[in-house]
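Hi,

Here is the structure I promised to pass on. Have a look at it first, and then read on for what I found in it.

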Amino acid sequence: MTAPAQSTGYTVAILGATGLVGTQLMQILEERQFPVKTLKPLASQRTAGSSVTFMGQDWLVEEATPEAFEGVDIVLASAGGSVSEALVPEAVKRGCVVIDNTSCFRLTDGVPLVVAGVNDADIEHHQGIIANPNCSTAQLMPVFKALDDAFGLERVIVSTYQSVSGAGKEGMDELINTTRSVFKMMGESDIPAPTEKEFKVFARPIAFNLVAQIDQFVEGGVEDGYTKEETKVIHESRKILHKPDLKVTCTAVRVPVMVGHSESATLEFKKPVSPEAAMDILERTPDVVVARDPKAFPTPVEATGQDPVYVGRIRRDTSNPEYGLNMWIVADNLRIGAALNAVRLAEVLVKHNWLKPKQPAGV
Ligand SMILES: NC(=O)c1ccc[n+]([C@@H]2O[C@H](COP(=O)([O-])OP(=O)(O)OC[C@H]3O[C@@H](n4cnc5c(N)ncnc54)[C@H](OP(=O)(O)O)[C@@H]3O)[C@@H](O)[C@H]2O)c1
């Protein structure tokens, strides 16, 4: 039987509680027995009044308003960038510490951008907001950090293969609907046709396809022609690794996979490196699971619902054999890339007694 919510602990608000990440947040808080005394599920007006189940109890979903944060200790926010922009400062004003899953504050000075187990110490001087990185950046970080410490990371080329759940519930629905539509066109007339316009979340039909656009295109400057998703990998990696000059480039692609992001990474180091030495280091790295056998490469389906980052296909970069490696990095985007990391950051706050900012909140 599920234990009741705890009699001591924290009042935790989930901003975006009815969404994919919000649902995972509650599941992971429960799995890891985070000390939640009271849960405050918040969402839009649309779903306010419904309920969510947590620790065997039903909790009423309230509309997210500034006043809803009164008396809350920790806010785990995943309701989109514009919602965070409007409400996170309101929560901070009311004394909450916010762990934000959106891109809104990730690159803001004074806001730590943290992957648990990689740069936890950055949290100590937070001013009320801690940012969770983009999902494709997050899963790279434990691997890159360990290899950077050993060999000095100089340059990274990433190509992402990102699942539709990275675009929320609507992204998953769109994969199902466009897949149904293709089957219907093939004569499977007993499969119902999608009732809405066939694609609106992704720039092209996602079923049986690849879409080389995630988020909007950047116009002008050196990043002209990149998508914002690609620039997130570039800038967030530099901030998390404390390497502002790290050379990073990225191509981000949406693939017809439900959950689990996969990434091909080519890494160039300062010191000579070998696949064996890299695998030895990664095997000793917390939160990372290494497939030494090339045939044992990870897949997103196998990574779904799992906590580690999986790394396989570690091999020399034939164009740079002494200093370069290629690898394949896979993880559950809803966990590592969002909910699990957010809960682990909350655990760090509690463990070190860092809940209250050390300086007055400047937001
Ligand atoms: N999916 C991922 O892999 C991932 C990874 C990292 C970060 N993120 C970020 O997390 C955020 C949410 O992602 P998701 O995948 O959970 O999306 P989702 O499934 O579409 O859920 C969105 C949530 O936000 C709520 N919401 C929407 N508009 C709101 C408003 N005006 N006021 C209050 N709540 C509102 C929704 O409530 P209603 O049900 O009431 O509409 C729902 O609970 C996004 O910013 C996303 O970029 C997602």
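Predicted model: local features only at pLDDT ≥ 70, side-chain atom pairs only at ≥ 80, totals over all residues.

Histidine 242 sits in the loop between helix H6 (228-241) and strand E10 (247-254). What sets its backbone apart is a positive phi of about 55 degrees, although the residue is not a glycine. As background, most residues other than glycine have a negative phi.

Asparagine 353 is another one to look at. Its phi is near 60 degrees, again a positive value in a residue other than glycine. You will find asparagine 353 in the segment after H9, and it is exposed, with 7 other C-beta atoms within 10 Å.

Is helix H4 (residues 141-151) mostly covered or mostly open? It is mostly covered, with nine of its 11 residues buried. Among the buried ones are Met141, Val143, Phe144, Leu147 and Phe151, and also Lys145 and Asp148.

Now the sheet. Six strands form an open sheet with parallel pairing, in the order E5-E2-E1-E6-E7-E8. Strand E5 (62-63) and strand E8 (129-131) are the edge strands, each pairing on one side only. Between strand E7 (residues 97-100) and E8, which run parallel, there are three bridges, and isoleucine 99 stands opposite isoleucine 130 in E8.

Two helices pack across these strands. H1 lies across strand E1 (10-15), strand E2 (36-43) and strand E6 (74-77), and runs at about 155 degrees to E1. H2 lies across E1, E6, E7 and E8, at about 160 degrees to E7.

Finally, the ligand, which may interest you for your own calculations. Which residues are closest to it? Of the 29 residues that surround the ligand, the closest are Gly19, Val21, Ser44, Ala79 and Gly168. Four helices each supply at least two residues of this shell: H1 (20-31), H2 (81-93), H5 (168-185) and H9 (335-351). By class, the shell has 16 polar, 10 nonpolar and three charged residues.

Happy to talk any of this through.

Best wishes

Technical notes:
Residues numbered from 1 in each chain as written. Near = placed C-beta within 6 Å. Nonpolar A, V, L, I, M, F, W, Y, C, P; charged D, E, K, R; others polar. Buried ≥ 20, exposed ≤ 12 C-beta atoms within 10 Å, placed from the backbone. Pairing = 2+ DSSP bridges. Contact = placed C-beta atoms within 7 Å. Axes fitted to C-alpha atoms, helices over the stretch in contact; angles between N-to-C directions.
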